[in-house]
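Please open the model in your viewer and keep the selection tool at hand. The stops below can be taken in order.

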Amino acid sequence: MLEREKNAIARQRDIIQSILQASNEAFVLTESNGSVLFMNVHARRLMDLPGIAPNKIQERIPLLSTFRPRDRSEMLRKIDQLLDGTAREVSMRFSIPQPNDRDEEYYEMYGTTMDTKRQIGMDSGFLFVFRNRTEEERMDQIKNELVSTVSHELRTPLSSLSGYIELMLARDLTPEKRERFLKTMSREAKRLTALLNDFLDIQRMEDGHQEYKQDHFALNELVLEVIERFRETSDHTIHFDNADDDLHLVADRDRIEQVLVNLISNAIKYSPNRQEIEVRVRQDHNQAHVSIRDFGIGIPEHAFEKLFTKFYRVDNSDTRKIGGTGLGLSICKEIIESHGGSIEVESTVGKGSTFTFTLDLAEETS
């Protein structure tokens, strides 16, 4: 009976340790004087030190160079409160810079007093939990960016519309001024509609409710249609390097058109000092490649990783002047990948950018 009970206790201990090791949180169990009894894998990774590390948690914390000095000081103060009995529970939030100096990992530390006498023969001990809340922090940042973007981008066309309406109501305008004001109001209304459509599109895509049609069409003809539209409304010169043959797709024509409009619009918007855009369509085996090249301000290499994420905008003086929601490229990526294709970017700061998307051709083309 003693042997069976001993085996049962050992199995329970192994199960508990397996659970703690598999957990996404970092767990540290200490004695009442701070000596470490147990650390799971995540805790060792978080609090690892070269050579022989001190066994007491209050001696290990000051040596963690990955932690910021102010976070180490605050954490030591919290731990001392537990050790000297002035608090039974402590908590704090902190962040750890990453090697690229652009990202951070965000954590919440929670410490509590434990009555461990019955479990392991000690009068008391402490449990420290380090919870990684990086994704939560990123979601909070996205929400903040959404509120900021919506308020800023919607305020501009609404203010413009409101101002022109008040002018038209308060003054007797010449027919020429009235026509000019109405054209401006129409342009701002279309801009407002486009903004709202972007927000609705990204919401549907996030929820998985976006439906795609299966149209059969010639990609070359669609690209030329979009280019002609921009030629009529833009001061930029758009050169079109067409494929030798018609390239047929089976895809949602409206959504592929949306991708083309977004990419060409961006090329125009982000090349304010160079008036040329190059659009190229080519075939490579059973795939169609569409490239949109500008000679504008370019994109720094560190921004490539986040360029297609929602609400992300390259933060520099040139882009801040241009404005935008940071949704266009995210929508383009979602549409192209939902059609089984891919989209990529090549860019050099000061020399311009090239966005290329690839889609499978219809069977009769290949």
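A residue is called buried at under 20% relative accessible area, exposed at over 50% and partly exposed in between, with a 1.4 Å probe and protein chains only. This is a predicted model, in which local features need pLDDT of at least 70 and side-chain atom pairs count only at pLDDT 80 or more, while totals for chains, interfaces and linings use all residues. Residues are numbered from 1 along each chain as its sequence is written, and side-chain values use heavy atoms, with hydrogens and water left out.

**The open sheet**

Select the five strands that form an open sheet in the order β2-β1-β5-β4-β3, with antiparallel pairing; strands (E, at least two residues) and helices (H or I, at least four) are DSSP runs numbered from the N terminus, and two strands pair if DSSP finds at least two bridges between them. At the edges are β2 (36-39) and β3 (89-97), each of which pairs on one side only.

**The aromatic cluster**

Next, select F67, F94, Y107 and F130, which form one aromatic cluster; rings of Phe, Tyr and Trp (its six-membered ring) pair if their centres lie within 6.5 Å, planes under 30 degrees apart counting as stacked, over 60 as edge-to-face and the rest as tilted. F67 and F94 form a tilted pair, 5.1 Å centre to centre with 35° between the planes, and F67 sits in the loop between α3 (57-60) and α4, 27 residues apart from F94 in strand β3. F94 and Y107 form a stacked pair, at 5.6 Å and 15°. Both F94 and Y107 are buried.

Move to H289 in strand β10 (residues 287-294). Is H289 buried or exposed? H289 is buried, because its relative accessible area is 10%. The side chain of H289 makes a polar contact with that of T358 at 2.9 Å.

Key:
A polar contact is a pair of N or O atoms within 3.5 Å; within protein, one must be able to donate a hydrogen and the other to accept it, and residues adjacent in sequence count only if both atoms are side-chain atoms.
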